[in-house]
Amino acid sequence: MFQSDTYLCTAFPVPTSRDAYIVDFIPHASMDTVHHMLLFGCQTPVSTSSYWDCGSVQGTCADEASIMYAWARNAPPTKLPKDVGFKVGRNSGMSHFVLQIHYGDISAFRDHHRDCSGLTLRMTSKPQPFIAGIYLLMSVDTVILPGKKVTNADIACDYTSYPIYPFAFRTHTHHLGKVVSGYRIRDGKWSLIGRQSPQLPQAFYPANKEVNVKYGDTIAARCLFTGEGRTSKTYIGGTSDDEMCNFYIMYYMDSKHAIPYMNCMESGSKELFQHIPAEANVPIAV
Ligand code: IYT
Ligand code: CU
Ligand code: CU
């Protein structure tokens with residue numbers, strides 16, 4: 001029925017018409033078949049079937065999707081800090097969840113058994129003091145030349161909102177990414193939020209807790225790519241022969257003025273990136 005590297009999605013509505021808060025995620029994944037699971041929140045899933053093939057580009061939501069949870073094999077799962085919840089429900093623009101499961105090796109399904117992998121969400125209707133959110137930095141215009149040893153994808157935006165407190169980060173590239181690093185820049189000083197190889201399991205890893213972000217700061221990220229082994233140009237795109245450069249920051253914010261989703265797609269100035277710490281140019285061996 002399906003082959004290796006199958007991506008299946010399933011959608012379910014937030015089970016209440018009022019606001020609700022996700023305060024914990026409990027993963028259930030068959031270690032021998034599931035490669036990763038991603039949970040998205042959005043208003044309109046692309047399908048109403050019980051499940052569908054979502055391997056093609058952005059096959060999850062018809063509108064803007066926000067990632068809320070990632071489970072990846074061989075990586076410890078993220079926990080939300082105390083008093084922090086993801087706000088969901090009709091008013092918050094997240095009336096549905098979409099769970100994507102990537103089955104890496106399906107030879108275990110030769111016997112046609114059912115798979116019960118999934119995710120339990122612990123939810124409450126009690127307003128939480130802090131709201132969790134995602135800040136996504138993504139490159140939209142990187143081109144990696146074939147054979148060229150190093151290509152940087154740089155992304156930076158000025159931050160002009162209420163303070164956020166990063167507690168986890170996730171990196172995402174395809175095969176050519178060596179390291180992805182994210183920073184806060186305050187008064188010219190670069191402070192690391194997180195740095196990871198995108199070739200390791202693409203889970204949310206703990207962020208540097210000392211680094212908050214407030215009005216007037218700049219948020220920046222760099223993906224280090226290599227074009228070695230390629231015979232043609234590589235562009236940003238949805239297939240595994242294309243590339244992506246993503247740095248996700250999971251943060252919490254005072255619920256009084258919470259913004260659950262922000263993104264940055266600007267490439268920043270050359271002058272700014274002259275001061276990026278050297279570690280951003282050092283590949284992480286895997
Ligand atoms: C072009 C690109 O970089 N796409 C990324 C980031 C992205 C995520 C979401 C873009 C949009 C979204 O709604 I959520 I528009 C991307 O597709 N990343 C993948 C998943 O699709 C989330 C990843 O694994 O990070
Ligand atoms: Cu996977
Ligand atoms: Cu991708």
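**Entry 1: a sheet**

I began with C9, whose bridge partner in β4 is W52. I noted that the structure is a predicted model, in which local features need pLDDT of at least 70, side-chain atom pairs count only at pLDDT 80 or more, and totals for chains, interfaces and linings use all residues. I also noted that residues are numbered from 1 along each chain as its sequence is written, while chains are lettered from A and ligands numbered from 1 in the order in which they are written.

For the names of elements I kept to DSSP runs, numbered from the N terminus, with helices (H or I) of at least four residues and strands (E) of at least two. Strand β1 covers residues 6-13 and runs antiparallel to β4, to which two bridges join it; two strands pair if DSSP finds at least two bridges between them. I then followed the whole sheet, which is open and antiparallel and has five strands in the order β4-β1-β7-β3-β5. The strands β4 (52-53) and β5 (66-72) stand at the edges because each has a single partner strand, and one side of each is therefore left without a neighbour in the sheet.

**Entry 2: two domains**

I looked up the domain assignment, which gives domain 1 as 6-124 and domain 2 as 131-281; such bounds come from an automatic or database domain assignment. Taken over C-alpha atoms, the centres of domain 1 and domain 2 are separated by 23 Å. I found 19 residues of domain 1 in contact with 15 residues of domain 2, where contact means that the C-beta atoms, placed from the backbone, lie within 7 Å.

On the side of domain 1 that touches domain 2, the elements giving two or more residues are β5 and β6 (84-88), and β5 provides the largest share, five residues. By class I recorded ten nonpolar, seven polar and two charged residues on that side. The classes count Ala, Val, Leu, Ile, Met, Phe, Trp, Tyr, Cys and Pro as nonpolar, Asp, Glu, Lys and Arg as charged, and the others, Gly among them, as polar.

**Entry 3: ligand 1**

I listed the residues around ligand 1, and they are L38, F40, E64, A65, S66, I67, M138, H172, I236, M244 and N246; a residue is near a molecule if its C-beta atom, placed from the backbone, lies within 6 Å of it. The elements that give two or more residues to this shell are β3 (34-42) and β5. The shell divides into seven nonpolar, three polar and one charged residue. Because domain 1 and domain 2 both give residues to the shell, ligand 1 lies between them.

**Entry 4: single residues**

I checked D83, which lies in the loop between β5 and β6 and has a positive phi of about 70° although it is not a glycine. D83 counts as exposed because it has 11 C-beta neighbours inside 10 Å; the cut-offs are 20 or more other C-beta atoms within 10 Å for buried, 12 or fewer for exposed, and partly exposed in between, with C-beta atoms placed from the backbone.

H112, in the loop between β7 (96-103) and β8 (118-124), is not a glycine either, yet has a positive phi of about 60°. With 6 C-beta neighbours inside 10 Å, H112 is also exposed.

**Entry 5: confidence**

The model scores ipTM 0.97 and pTM 0.95.

Conventions:
Contact = placed C-beta atoms within 7 Å.
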